[in-house]
Amino acid sequence: MKNRRIKKITIAFAAFFVLMLVCTVVSKSIYAYQLPMVSTVMPEEKYVEHLVEAEGIVAAGGERAVNYFPGLRVDAVLVHVGDRVEEGDVLLQIDLEDLKEFIDQKRDEVAKVELQINAILENQALEQQKKDLELARAREDYDTTARLEDTYIGRAAQEYAQIEEDWKELMDGQEDEALKDALQSAAYGEADAKAKRDEAVKQAGRRVEDILMPDQASSDLDIAKLEKEALLSQIGEYQQIIDGQGIISAPFGGVVTAVYVQVGGRTSDTAVMLISDESLPCQLKIFLDKEQKKYVGLGDLVSIKLEGKSNKLEGTIDYLAESVGVPGSYEALVNLPENTGIPGLSGRVSRSEPGEKHRLCIPPSAVYEKYDTNFVYVLKEREGILGQEYYIDEAIVRVIDKNEVWAAIDNGVLAKDSKVIISSTKEFKKGDVVRWEDE
């Protein structure tokens, strides 16, 4: 009886133990099923290659300006940027009605200038008549002054001769002091008369000389004549435009790279448009960001793929500088072979940099950043309530090189056998217990 009871107790205990074991397994399975499933990689030794690819636009290697008369209203623009034109092709159409009004205005200006010229010529003729009259009067005054002054000298000389004769007659008998003084005074009078005549004749002569001096130079007439010639020349040029139906043709062939006029606007004194200079090879213009700039330098060999072309070309970076129009980026130019590319088409430049070999490389998606610090999540083991378990830990790392496939980690925290987490079925954080996909 006692043995039977012990047997029953043993069976019940065994059943309870089995039940507890089953519950434990079921609980552990349910618990484990709810945990995130993570996958990991171990760092590998790799070359971190850098592939730089950049889109660009083909630009003309050089441009030539198409200039035209300023101030003309544009009736039609028949080409656009990117169009190819040949010498003689129509570029613009000038508004002929507006041009005719412009010619009428120029003719009015010519009439005004002609009035100015006629007025200047009439004034010059009047001034010449006035000058001729003044000269005739001055010469008449000179002759009159000379005759009058000669008369005064003659009278003084005659008076002196008479007194001298009287004085000589008296000298035979007695000396007359009064007559001697009179003779002396007469001599002085004759001398004064001569001096007065010389001064008067000199002043009259100078008056004649002053009138004969050339008039002060004036450029008014010359300027007016030049202005008239310029206006007539413009009218002639505008008339030629009307005769040509207002068509502006291409003076040379190439691709239109810029148009500076619009319908209804007027031409300026600068170029109306720019056309590529086909004597120079085209260029492919690309923009690089700071990261790409690290692996592209002046003179580097690049591969070129142009729009619409199946074959690839090779070229070199011929210009590289920080962009003015796009701050924070760099502008690069690649000269294309002659007769290759059309301005406005797109192209792609690629360059591969082999890079260095690094001991610890992981996918870049496994690297996180927080507060300017890089870190990775690693899988570790520990003893838990239900036995051995996996949990998440953080490891601060320093990325020394990377591309789209690999991130090179500085030797330090990570070991070659570190399990770096690259994916998870659920969100997790440091310290969470997880399942490992490789279990």
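## Ground rules

Residues are numbered from 1 along each chain as its sequence is written, and side-chain values use heavy atoms, with hydrogens and water left out. Because the model is predicted, local features need pLDDT of at least 70 and side-chain atom pairs count only at pLDDT 80 or more, while totals for chains, interfaces and linings use all residues.

Let's begin with strand β3, residues 50-59. Helices (H or I, at least four residues) and strands (E, at least two) are DSSP runs, numbered from the N terminus. In a regular strand the side chains alternate between the two faces of the sheet. Buried means under 20% relative accessible area, exposed over 50%, and partly exposed in between (1.4 Å probe, protein chains only).

Two strands count as paired if DSSP finds at least two bridges between them. Strand β3 runs antiparallel to β15 (residues 346-353), with eight bridges joining them, and Leu51 stands opposite Ser352. Four bridges also join β3 to β11 (residues 283-288), again antiparallel; there, Ile57 has Lys285 as its bridge partner.

## Two nonpolar cores

A nonpolar core is a set of buried Ala, Val, Leu, Ile, Met, Phe, Trp, Tyr and Cys residues joined through side-chain atoms within 4.5 Å. The largest one has 30 residues, and Leu91 and Leu92 have the most contacts inside it. At least two residues of this core come from each of β7 (90-94), α2 (96-171), α4 (220-243) and β10 (273-276).

A second, separate core has 19 residues, including Leu306, Tyr330, Ala332 and Leu336.

## Salt bridges

A salt bridge is a side-chain nitrogen of Lys or Arg within 4 Å of a carboxyl oxygen of Asp or Glu; the count comes to 23. One of them joins Asp98 and Arg266 (2.9 Å, N to O). Asp98 lies in helix α2 and Arg266 in the loop between β9 (254-259) and β10, so the pair ties together parts that are 168 residues apart in sequence. Asp98 is buried at 11% relative accessibility, whereas Arg266 is partly exposed at 40%.

Asp150 and Arg197 form another, with the closest N and O atoms 3.0 Å apart. This pair links helix α2 to helix α3 (residues 177-212). Back in β15, Arg351 meets Glu353 (2.9 Å, N to O).
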